[in-house]
Amino acid sequence: MAAPMELFCWSGGWGLPSVDLDSLAVLTYARFTGAPLKVHKITNPWRSPSGTLPALRTSHGEVISVPHKIITHLRKEKYNADYDLSARQGADTLAFMSLLEEKLLPVLIHTFWVDSKNFVEVTRKWYAEALPFPLNFFLPGRMQRQHLERLQLLCGEHRPEDEEELEKELYQEALECLTLLAQRLGSHRFFFGDAPASLDAFVFSYLVLLLQAKLPSGKLQAHLRGLPNLCAYCTHILSLYFPWDGAEVPPPRQTPAGPETEEEPYGRRNQILSVLAGLAAMAGYALLSGIVSIQRAAPARTPDTRALGMAEEDEEE
């Protein structure tokens, strides 16, 4: 009997099954198709077999870590949400997917990773609380730099030099994109009728993140909340396909009492790597802070090393 497919993705928060856009899109597509996945919702990317999230380990042991490639593999395994679409609807899917990536994705990145108030009070706060020590000290900053690089690629060479002008242009295009999506959806349950397709998985993921997060700076969020059919669309999918996934995960450092168990296939390796990274981070901090003796600082940190490789995990069959 073949091993089950396993999906590793970021855990949930803000009333969502995952706080990560790519993880949420793959999770939603899998729910739409009924793909039999063993889902590992984690807050430590080092516990993923690829070191990144999301990642799919196939029944043959292959590891896929790009969202579109994960969905392509699920289609090859006969879990295809677009099976009943016409050629015209397939063309519309490609067009709207391109629209989402060009017009809406840059503003989502800007909203969660560039806007200083949102990043400090919402994005970094969640990752800093969810990630295990010592990843919570440096990984949110590294993730922010990666998203900035992605934003620069999306904006291309024709981006305005002035940051305020760029932000104004990005948000105007995103507002128009949301309005167009509302018009296209109309009073339908999904974009192509009564059954969800791959386009719905991505539209839902883009919109529900914006809708659910408590953003101190949320002008695009305010515009979305003024489009009642898109709000109802998100609520409908969330309640129908993720009725029990909205709860916040408990802090990952609250590990259960008793003998330590290691059920993850890569747990022992990653725990060792986490400990080494923690020791390196503490040594670097000691040097930068002017602490002369590294040995003097180490004993105070030692009790925390048991939790270095531990992360909260919510598994579902």
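Residues are numbered from 1 along each chain as its sequence is written, and side-chain values use heavy atoms, with hydrogens and water left out. In this predicted model, local features need pLDDT of at least 70, side-chain atom pairs count only at pLDDT 80 or more, and totals for chains, interfaces and linings use all residues.

Trainee: How many residues of α7 are buried?

Mentor: Start with the terms. Helices (H or I, at least four residues) and strands (E, at least two) are DSSP runs, numbered from the N terminus. Buried means under 20% relative accessible area, exposed over 50%, and partly exposed in between, with a 1.4 Å probe and protein chains only. Helix α7 is largely enclosed by the rest of the structure, because the buried residues number 14 of its 15.

Trainee: What distance does helix α7 reach from its first C-alpha to its last?

Mentor: Helix α7 covers residues 198–212, which is 15 residues. The expected span of a helix is 1.5 Å times one less than its number of residues. For α7 the expected value is 21 Å, and the helix comes close to that, reaching 21 Å.

Trainee: With which residues is S205 in contact, leaving aside its neighbours within four places in sequence?

Mentor: S205 sits in helix α7. It is buried, with a relative accessible area of 0%. Contact means heavy atoms within 4.5 Å. Leaving aside neighbours within four places in sequence, the contacts of S205 are L21, L24, A25 and T28.

Trainee: Is L94 buried or exposed?

Mentor: L94 is in helix α3. L94 and L199 are 105 residues apart in sequence, yet 8.5 Å apart in space, C-alpha to C-alpha. The relative accessible area of L94 is 64%, so L94 is exposed.

Trainee: Which element gives the most to the lining of the largest pocket?

Mentor: On a 1 Å grid over the protein atoms alone, a pocket is an open set of points with protein on both sides within 12 Å along at least five of seven lines, a cavity is a set where a 1.4 Å probe fits but cannot get out, and lining residues have an atom within 4 Å of a point. About 720 Å³ of space lies in the largest pocket. Two or more lining residues come from each of α1 (21–33), α3 (87–114), α4 (116–130) and α5 (135–155). With 6 residues, the element that gives the most is α5.

Trainee: How many residues of the lining of the largest pocket are nonpolar?

Mentor: Ala, Val, Leu, Ile, Met, Phe, Trp, Tyr, Cys and Pro count as nonpolar, Asp, Glu, Lys and Arg as charged, and the others, Gly among them, as polar. The lining has 6 polar and 4 charged residues, and its nonpolar residues number 19.

Trainee: What volume does the largest cavity have?

Mentor: Rolling a probe the size of a water molecule over the atoms shows where empty space is left. Grid points are joined across faces, edges and corners, and a volume is the space filled by probe spheres set on the points. The structure holds 1 cavity of 30 Å³ or more. The largest cavity has a volume of about 50 Å³.

Trainee: Which helix gives the largest share of the lining of the largest cavity?

Mentor: The lining includes T111, Y171 and K219. It divides into 4 nonpolar, 5 polar and 2 charged residues. The largest share is 3 residues, from helix α8 (residues 219–225).

Trainee: How many disulfides does the structure hold?

Mentor: A disulfide is a pair of cysteine sulfur atoms within 2.5 Å. The closest cysteine sulfur to that of C234 is in C231, 6.8 Å away, so it is too far for a bond. C234 is also buried, with a relative accessible area of 1%. The number of disulfides is 0.

Trainee: What is omega for the cis peptide bond that joins F133 and P134?

Mentor: Most residues other than glycine have a negative phi, and most peptide bonds are trans. The bond from L53 to P54 is cis, with omega near 0°. P134 is found in the loop between α4 and α5. The bond joining F133 and P134 is cis, with omega about 5°.

Trainee: What is phi of K78?

Mentor: K78 lies in the loop between α2 (67–76) and α3. It counts as exposed, at 74% relative accessibility. Phi is positive in this residue other than glycine, near 75°.
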